[in-house]
Amino acid sequence: MTNLYSKLEQIKKVFDVEKIAHINPDKSYIQKYYLANRLAYTLFQSSKGYIHMGISRDGVFKLEDLIEPVKFVNEYVKKLPGKANVLELACGRAANSLYLAEQNPQGSFSAIDLSDGQLKYAYQNQKKVNNLKIFKGDYHDLSRFEESKFDICFIVEALCYSTNKEKVLAEVSRILKKDGIFIVIDGYLNKNEAQLDSDVLLANRLVEIGMAVPKFELYSEFIISAKKYYSVEYEEDISKEVLPSMQRLERWARIFFKYTFLSKLLLKILPKMIVYNSLSGYLMPNLIQENIANYMITVLRKRD
């Protein structure tokens, strides 16, 4: 863990970490975060709108790896007989839903997101196809959709923003058809906080704030909640496969923390919500490599 501790020391030369650790990323904060980071996500993540980790099966990051999560979802869409009806939660720029709509022109695709900063791009993608509809809304309240409407619902790297995941699970269950599928691709804590020392807890908290996540949940706790509404059809730990994406971001963050004077200058010039991304980029790989956090694909099937 020496590398993690040395990184924390570098971070402390730039940031007041105790102050940052007490930030509360509520709903309003998350919306502001995505608005502030519109350009940053385009420059450092993907100009195509894929603002999540790629899945690198060969251990080497390539831009096309960013499409792998939605390719996984598409395998389930292709299995459906007839016209698929699919909903993406927290769609961001709707790049995933656009991909599915283009690959399945006979299907019907809907996507919902809360952030105006992301929806600006999502509405542009909606215009590119005839079978995609974008909605502004909170995934805790899916009342705009009738019961048993969708064959598949999916969410990529965004359920972590919920502080009431059971409500989301229940809402999705309501709008899924009989035997409908809910695909969740996301990151979690892999160890109970009681097992972690104060520095590791601090590192995890800085990663949360850097990404505007209120609190990472234990994967085991998520599964307990999910089993109230679903059977678990498929689970895959892809922590190693997303590590190349994280290490790509880590390289940018390493440059930021190498030059302390420049870092402090950028902290004064740029919105803090942009600069705080460096915390997540710098520390995430360590949390994955030390098995403190993990990244999972989970496929849930609605119970009768």
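A search of the whole structure, which is a predicted model, finds 19 aromatic pairs. Rings of Phe, Tyr and Trp (its six-membered ring) are taken to pair if their centres lie within 6.5 Å; planes under 30 degrees apart count as stacked, over 60 as edge-to-face and the rest as tilted. One of these pairs is formed by Tyr 219 and Phe 222, which is tilted, with 6.2 Å from centre to centre and 40° between the planes. Both residues belong to helix α10 and are three residues apart, about one turn of the helix. An α-helix has 3.6 residues a turn, so residues three or four places apart point the same way. Helices (H or I, at least four residues) and strands (E, at least two) are DSSP runs, numbered from the N terminus. Tyr 219 is buried at a relative accessible area of 10%, and Phe 222 is buried at 0%. Here buried means under 20% relative accessible area, exposed over 50%, and partly exposed in between (1.4 Å probe, protein chains only).

The rings of Phe 256 and Phe 257 have centres 5.0 Å apart and planes at 90°, so this pair is edge-to-face. Phe 256 is buried, with a relative accessibility of 15%, as is Phe 257, with 2%. Together with Phe 15, Tyr 276 and Tyr 282, these two residues form one aromatic cluster. Lys 7 lies over the face of Tyr 282, 4.7 Å from the ring centre, and Lys 79 lies over the face of Tyr 76 at 4.4 Å. A charge is assigned to a ring in this way if NZ of Lys or CZ of Arg is within 6 Å of the ring centre and within 35 degrees of the ring normal.

Residues are numbered from 1 along each chain as its sequence is written, and side-chain values use heavy atoms, with hydrogens and water left out. Local features need pLDDT of at least 70 and side-chain atom pairs count only at pLDDT 80 or more, while totals for chains, interfaces and linings use all residues.

Helix α10 also contains Ser 225, a buried residue at 14% relative accessibility. Ser 225 and Glu 166 are 59 residues apart in sequence, yet their C-alpha atoms are 5.9 Å apart in space. Apart from neighbours within four places in sequence, Ser 225 is in contact (heavy atoms within 4.5 Å) with Glu 166 and Leu 169.

Ser 162 is placed in the loop between β4 (150-156) and α8 (165-175) and is buried, with a relative accessible area of 2%. The side chain of Ser 162 makes a polar contact with that of His 140, at 2.8 Å. A polar contact is a pair of N or O atoms within 3.5 Å; within protein, one must be able to donate a hydrogen and the other to accept it, and residues adjacent in sequence count only if both atoms are side-chain atoms. When residues up to four places away in sequence are not counted, Ser 162 touches Tyr 139, His 140 and Val 168.

In helix α7 (residues 116-126), the buried residues are Gly 117, Gln 118, Leu 119, Ala 122 and Asn 125. These pack against α3, α4, α6, β2 and β3. The N-terminal end of α7 is capped by Ser 115, a side-chain oxygen of which lies 3.2 Å from the backbone nitrogen of Gly 117.
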